[in-house]
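The sequence and structure are shown first.

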Amino acid sequence: MARKTIGERLAQLEAQRKTLQIRLSKQERAIDTRRKVLIGALVLHRLENDREVQIGGRLAEWLRRELPKFLIRDGDRDLFDDLLKPQLQEPSRGNIGNGSAAS
């Protein structure tokens, strides 16, 4: 078997490095996405289930103030329509964030 030249070995190592870098990037994106999902689930859980106004009420108020600045696309804003629209009266906790209408 013929020995590979140094240049060929370097090219092979570079290809392996690129492959590993791509795998690492995918793994980091997956972790980032999972963290966002879990934090979002916690926030929605608190909004829906927290009977204590100090947490649930203040959190809803904070989200109404901060989300419009954070959400750029109309489609993203539509996802939070139930939370962002001004409320005449505070909706029941079970209806915040799940897109259902008050019964």
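Leu67 touches Phe80, Leu83 and Leu84, leaving aside residues up to four places away in sequence; a contact means heavy atoms within 4.5 Å. The model is predicted, so local features need pLDDT of at least 70 and side-chain atom pairs count only at pLDDT 80 or more, while totals for chains, interfaces and linings use all residues. Residues are numbered from 1 along each chain as its sequence is written, and side-chain values use heavy atoms, without hydrogens and water.

The largest nonpolar core has eight residues: Leu47, Leu59, Ala60, Leu63, Leu67, Leu71, Leu83 and Leu84. Helix H2 (53–70) and helix H4 (81–84) are the elements that give two or more residues to this core. H2 provides the largest share, four residues. Such a core is a set of buried Ala, Val, Leu, Ile, Met, Phe, Trp, Tyr and Cys residues joined through side-chain atoms within 4.5 Å. Buried means under 20% relative accessible area, exposed over 50%, and partly exposed in between (1.4 Å probe, protein chains only).

## Overall fold

The chain has four helices and zero strands, in the order α-α-α-α along the sequence. Helices (H or I, at least four residues) and strands (E, at least two) are DSSP runs, numbered from the N terminus. Of the 103 residues, 14% count as buried.

Ile6 lies in helix H1 (residues 6–49). Ile6 counts as exposed because its relative accessibility is 63%.
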